[in-house]
Amino acid sequence: MGLIEDCEKCFQVSSLYEILGVEKTAEQPVIKKAFYNKSLQYHPDRNVAANDQELLTLKFQTVNKVFKILSDNEKRKVYDETGEVDDSDATQLRNFMAFWRSVFPKFTKKDIDNFENKYKNSSEEKEDIKKYYLEFEGNMDKIFEWLMFAQISEENRYREVIQQMIDSEEVPPFKAFTHEPKKKRDARKRKYEREAKEAEEIENQGGLEDLTAAILMGKEKRYRDQNNFLASLEAKYAKKPTKKVAKK
């Protein structure tokens, strides 16, 4: 299956620019920033616990391939002029994590902590909560899956933020949120507490690098408390992401 077919299967669009959410005239820094944000959205560290792991992995790989084409001026020119892609190199790309790290340098634990501290209770976090609340129509399970650094111990704070937006008519009162059964909330709490414990055990055994490798190989569940730790690079390599709801 070629790159265009993968784009249509994963995102229901064939335009490489639409995949990254940029204009056809976008310059390379804009494309790189969009690639960073989009690849994090489908990065295995975020999605390893999702039901359709195969599709999510394909999305991550497809985004990497799209960037590889658009970051190559010659291949991009051919695509712009003909609508066709020379994806021979991209198709042969096997180690997507190695390619990702060739674009974004290695991070440190200090980077993680600094980013997390700046993100929590920030206007950016509030915008992300709003975005995912609207995108998933109040489904808290999905919001937890996508919100950076989401922790079950802070669910009440997230709910307060959402309730304030509902009260101010900034967002509609989705029934999935306003009438969520206590049984479902309790099940979510048990699930994330269990996953956080497993992640802590993995980190104690091998640290973040071993944990990352394990997740990327599909051998462990999602790393809950720091499952979006690669977002720490945001402070270094990109401005705030565009507040645009991704189409599913």
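This briefing walks through a few local features of the structure above. Keep in mind that the model is predicted.

**Helix α3**

- Helix α3 covers residues 28-41, which makes 14 residues.
- From its first C-alpha to its last, α3 reaches 20 Å, close to the 20 Å expected at 1.5 Å a residue.
- Quite a few α3 residues are buried, including Ile-31, Ala-34 and Phe-35.
- Further along α3, the buried residues include Tyr-36, Asn-37, Lys-38, Ser-39, Leu-40 and Gln-41.

**How α10 meets α12**

- These two helices pack at an angle of about 75 degrees, and their axes are 10 Å apart.
- An angle from 65 to 115 degrees counts as roughly perpendicular, so that is the label for α10 against α12.
- Sorted by class, the contact has seven nonpolar and four charged residues, with no polar ones.
- As background, an α-helix has 3.6 residues a turn, so residues three or four places apart point the same way.

**Aromatic rings**

- The structure holds seven aromatic pairs.
- One of them joins Tyr-133 and Phe-174, whose ring centres are 5.2 Å apart.
- The planes of Tyr-133 and Phe-174 are 50 degrees apart, and the pair is classed as tilted.
- This pair links distant parts of the chain, as Tyr-133 and Phe-174 are 41 residues apart.
- Tyr-133 belongs to helix α10 (residues 123-135), while Phe-174 is in the loop between α12 (155-167) and α13 (175-178).
- Is Tyr-133 buried or exposed? Tyr-133 is buried, because its relative accessible area is 0% and anything under 20% counts as buried.

**Two loop residues with positive phi**

- Gln-12 isn't a glycine, yet its phi is positive, near 60 degrees.
- You'll find Gln-12 in the loop between α1 (3-11) and α2 (16-20).
- Gln-12 counts as exposed because its relative accessibility is 53%, and the cut-off is over 50%.
- Glu-137, another residue other than glycine, has a positive phi near 50 degrees.
- Look for Glu-137 in the loop between α10 and α11 (140-146).

Key: Residues numbered from 1 in each chain as written. Predicted model: local features only at pLDDT ≥ 70, side-chain atom pairs only at ≥ 80, totals over all residues. Heavy atoms only, no water. Helix = DSSP H or I, 4+ residues; strand = E, 2+ residues; numbered from the N terminus. Expected span 1.5 Å × (residues − 1). Buried < 20%, exposed > 50% of the residue type's maximum accessible area, 1.4 Å probe, protein only. Phe/Tyr/Trp six-rings, centres within 6.5 Å; stacked < 30°, edge-to-face > 60°. Axes fitted to C-alpha atoms, helices over the stretch in contact; angles between N-to-C directions. Parallel < 35°, antiparallel > 145°, perpendicular 65-115°, else oblique. Nonpolar A, V, L, I, M, F, W, Y, C, P; charged D, E, K, R; others polar.
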